[in-house]
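This briefing is meant to be read with the structure open beside it, one topic at a time.

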Amino acid sequence: QVQLVESGGGLVQPGGSLRLSCLISGSISGINGMGWYRESPGRQRELVATIISGGNTIYGDSVKGRFTISRDNAKNTLYLQMNNLKPEDTAVYYCNVDGSLGWKPYDYWGQGTQVTVSS
């Protein structure tokens with residue numbers, strides 16, 4: 001069974017930094033993308049950053065130049081380094097892995113970790 005467990009969220013002042021981690025357990029193949037999304041009250045879940053097959057990265061416009069996504073295959077962990085945080089980055093951050101096994105698609109999500117940016 002595949003499980004995604006996020007950690008690293010918390011309260012930080014504007015301009016501060018946090019690093020989120022997503023530990024991925026279970027056997028997965030046919031991955032198309034591994035990424036981070038966020039959701040805040042009144043807003044739809046939005047893409048923060050993703051690593052797609054081939055290793056290319058895609059970032060949401062609002063985080064470009066401030067956030068960096070990376071992965072450590074040996075540790076089965078996906079990271080999100082967040083620098084120069086702003087109050088509008090406040091949200092629940094979710095880890096996601098999507099792909100397909102043959103013709104059957106899959107889409108795994110973690111439980112989310114709260115990030116609050118406030119003075």
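The structure shown here is a predicted model, and the points below should be read with that in mind. A search of the whole structure finds 1 disulfide and 6 salt bridges, and the largest nonpolar core has 27 residues. The topics below begin with the pairing of strands and end with a closer look at one threonine.

**Strand pairing**

- Strand β4, which covers residues 31-39, pairs with strand β5, residues 46-52, in the antiparallel sense, and 6 bridges connect the two.
- Within this pairing, the bridge partner of Met 34 is Ile 51, while Gly 33 stands opposite Ile 52.
- The hairpin of β4 and β5 has 6 residues between its strands, and in this hairpin Gly 42 takes a positive phi near 85 degrees.
- Strand β5 is also joined to strand β6, residues 57-59, by 3 bridges, and these two strands run antiparallel.
- Ile 51, already met as the partner of Met 34, stands opposite Thr 57 in β6.
- In the hairpin of β5 and β6, where 4 residues lie between the strands, Gly 54 has a positive phi near 100 degrees.
- Strand β4 has a further antiparallel partner in β9, to which it is joined by 8 bridges, and here Trp 36 stands opposite Cys 95.

**The disulfide**

- Cys 22 and Cys 95 form a disulfide in which the sulfur atoms are 2.1 Å apart.
- Cys 22 lies in strand β3, residues 18-25, and Cys 95 lies in strand β9, residues 91-101, so the pair ties together parts that are 73 residues apart in sequence.
- The torsion about the S-S bond of Cys 22 and Cys 95 is about -85 degrees, and the disulfide is therefore left-handed.
- Both of these cysteines, Cys 22 and Cys 95, are buried.

**The nonpolar core**

- In soluble globular proteins, nonpolar side chains tend to be buried together.
- In this model the largest nonpolar core has 27 residues, and those with the most contacts inside it are Trp 36, Leu 80, Met 82 and Tyr 93.
- The elements that give two or more residues to this core are β3, β4, β5, β7 (67-72), β8 (77-82), β9 and β11 (113-117).
- Setting aside residues up to four places away in sequence, Tyr 93 touches a number of residues, among them Leu 20, Trp 36, Val 48, Phe 67, Leu 80, Met 82 and Val 115.
- The residues touched by Tyr 93 also include Glu 6 and Arg 38, and Arg 38 returns in the next topic, where it forms a salt bridge with Asp 89.

**Salt bridges**

- The side chains of Asp 89 and Arg 38 meet in a salt bridge, with a distance of 2.9 Å from N to O.
- Asp 89 lies in the loop between β8 and β9, whereas Arg 38 lies in strand β4, so this pair ties together parts that are 51 residues apart in sequence.
- Are Asp 89 and Arg 38 buried or exposed? Both Asp 89 and Arg 38 are buried.
- Arg 38 and Asp 89 also belong to a network of salt bridges in which they are linked with Arg 43, Glu 46 and Arg 66.
- Glu 39 forms a salt bridge with Arg 45, and the closest N and O atoms of this pair are 2.8 Å apart.
- Glu 39 has a relative accessibility of 30% and so counts as partly exposed, and Arg 45, with a relative accessible area of 36%, is partly exposed as well.
- The side chains of Lys 64 and Asp 61 meet in a salt bridge at 3.1 Å from N to O, and Asp 61, at 66% relative accessibility, counts as exposed.

**A closer look at Thr 77**

- Thr 77 is found in strand β8, and because its relative accessibility is 9%, Thr 77 counts as buried.
- A polar atom of the side chain of Thr 77 lies 2.8 Å from the backbone oxygen of Lys 75.
- Leaving aside neighbours within four places in sequence, Thr 77 is in contact with Ser 21, Cys 22, Leu 23, Ser 70, Arg 71 and Asp 72.
- One of these contacts, Cys 22, is the cysteine that forms the disulfide with Cys 95.

Definitions and conventions: Residues are numbered from 1 along each chain as its sequence is written. This is a predicted model: local features need pLDDT of at least 70, side-chain atom pairs count only at pLDDT 80 or more; totals for chains, interfaces and linings use all residues. Side-chain values use heavy atoms; hydrogens and water are left out. Two strands pair if DSSP finds at least two bridges between them. A disulfide is a pair of cysteine sulfur atoms within 2.5 Å. Buried means under 20% relative accessible area, exposed over 50%, partly exposed in between (1.4 Å probe, protein chains only). A nonpolar core is a set of buried Ala, Val, Leu, Ile, Met, Phe, Trp, Tyr and Cys residues joined through side-chain atoms within 4.5 Å. Contact means heavy atoms within 4.5 Å. A salt bridge is a side-chain nitrogen of Lys or Arg within 4 Å of a carboxyl oxygen of Asp or Glu. A polar contact is a pair of N or O atoms within 3.5 Å; within protein, one must be able to donate a hydrogen and the other to accept it, and residues adjacent in sequence count only if both atoms are side-chain atoms.
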